[in-house]
Amino acid sequence: MFIFFAMFTAFQRFVELALFDLVRVVGMFGFSYWLLTAPGDRLIAYAAVMAALPAGIMLVQVLRARLIFPSCRLVGSELFVAKRIRDIGQFALWQMLGIGGALGKIHGSAILVNLGFGPSWNASYSVATQFSAQTSTLSGALLNALTPVVATSAGEGNRDELVRYAVSACRFAGLLVAFFAVPLVCESGALMRLWLLSPPVQADALCVCFAIAMFFES
């Protein structure tokens, strides 16, 4: 499945990627609004839709990739070519390691916080996670925009260009993170009260920690 998603980036079809993201965000917003007055167990409904909506959008994206990219269509005679299986397996393995690490950092940390400090601190952790996600939006968009150039340089064996683009992307991403994170860190307490009125315990301190970590990551 990673192959299908990677094709949109490789061919720089960013408009379609943006449309998929827009549909997901609008769908989640509409569902959240409906949830305010929904009858029954809202937690079950929330879990079901949060799983079904992204999965449905991913399925549409896969079908779209098969339609417009010939290399995404299955050819029976080439399904069991050893070299191709090995290459795809290596690509999928690295993707899974990266995604698994990100999931472990976010959800694993949330589990540890909940077990060690209880629901109130878990709420603070969720607020800090949202804070970091919004702060890193522009830097993430920049890195995604430069991914095709880096991948092309790697495919051509042009290591100098690859390193130059990769380092430039990291520098600009760090500057973008700092541009938004520094003011938020300086006024984190006031912003938390403006955003949530009664923020969870130590939410502002966790946001500061997340902002610093995010800067060094970028």
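Author: Ser153 is buried, since its relative accessible area is 6%; buried means under 20%, exposed means over 50%, and partly exposed lies in between, with a 1.4 Å probe and protein chains only. This is a predicted model, in which local features need pLDDT of at least 70 and side-chain atom pairs count only at pLDDT 80 or more, while totals for chains, interfaces and linings use all residues. Residues are numbered from 1 along each chain as its sequence is written, and side-chain values use heavy atoms, with hydrogens and water left out.

Ser153 sits in helix α6, which covers residues 137–155. Helices are DSSP runs of H or I with at least four residues, strands are runs of E with at least two, and both are numbered from the N terminus. Leaving aside residues up to four places away in sequence, Ser153 touches Asn158, Glu161, Leu162 and Tyr165; touching, or contact, means heavy atoms within 4.5 Å.

For the setting, the protein chain has nine helices and zero strands. Of its 218 residues, 22% are buried. Contacts between residues 24 or more positions apart make up 68% of those with a separation of 6 or more.

Next comes a residue in another helix. Glu16 belongs to helix α2, residues 14–35, and with 15% relative accessibility Glu16 counts as buried. Beyond residues up to four places away in sequence, Glu16 touches Phe8, Arg64 and Ile68. Its side chain also makes a polar contact of 2.8 Å with the side chain of Arg13. A polar contact is a pair of N or O atoms within 3.5 Å; within protein, one must be able to donate a hydrogen and the other to accept it, and residues adjacent in sequence count only if both atoms are side-chain atoms.

With Arg64, Glu16 forms a salt bridge through the side chains, at 2.9 Å from N to O. Glu16 is in helix α2 and Arg64 in helix α3 (residues 42–68), so this pair ties together parts 48 residues apart in sequence. A salt bridge is a side-chain nitrogen of Lys or Arg within 4 Å of a carboxyl oxygen of Asp or Glu. Arg64 counts as partly exposed, at 29% relative accessibility.

The whole structure holds five salt bridges. One of them joins Arg24 and Asp21, whose closest N and O atoms are 2.4 Å apart. Because Arg24 and Asp21 are three residues apart in helix α2, about one helical turn separates them. An α-helix has 3.6 residues a turn, so residues three or four places apart point the same way. Another salt bridge links the side chains of Lys83 and Asp87, 2.9 Å from N to O. These two are four residues apart in helix α4 (residues 82–117), so about one helical turn lies between them. Salt bridges with shared partners also join Arg13, Glu16 and Arg64 into one network.

Helix α2 also holds Val15. At 63% relative accessibility, Val15 counts as exposed. Val15, Leu19, Leu22 and Val26 make a nonpolar surface patch of about 400 Å². Patches consist of residues with over 30% relative accessible area and no salt bridge, where like charges are joined within 9 Å and nonpolar side chains (Val, Leu, Ile, Met, Phe, Trp, Tyr) within 5 Å. Accessible areas come from the Shrake-Rupley method with a 1.4 Å probe, and for residues only the protein chains shown count as cover.
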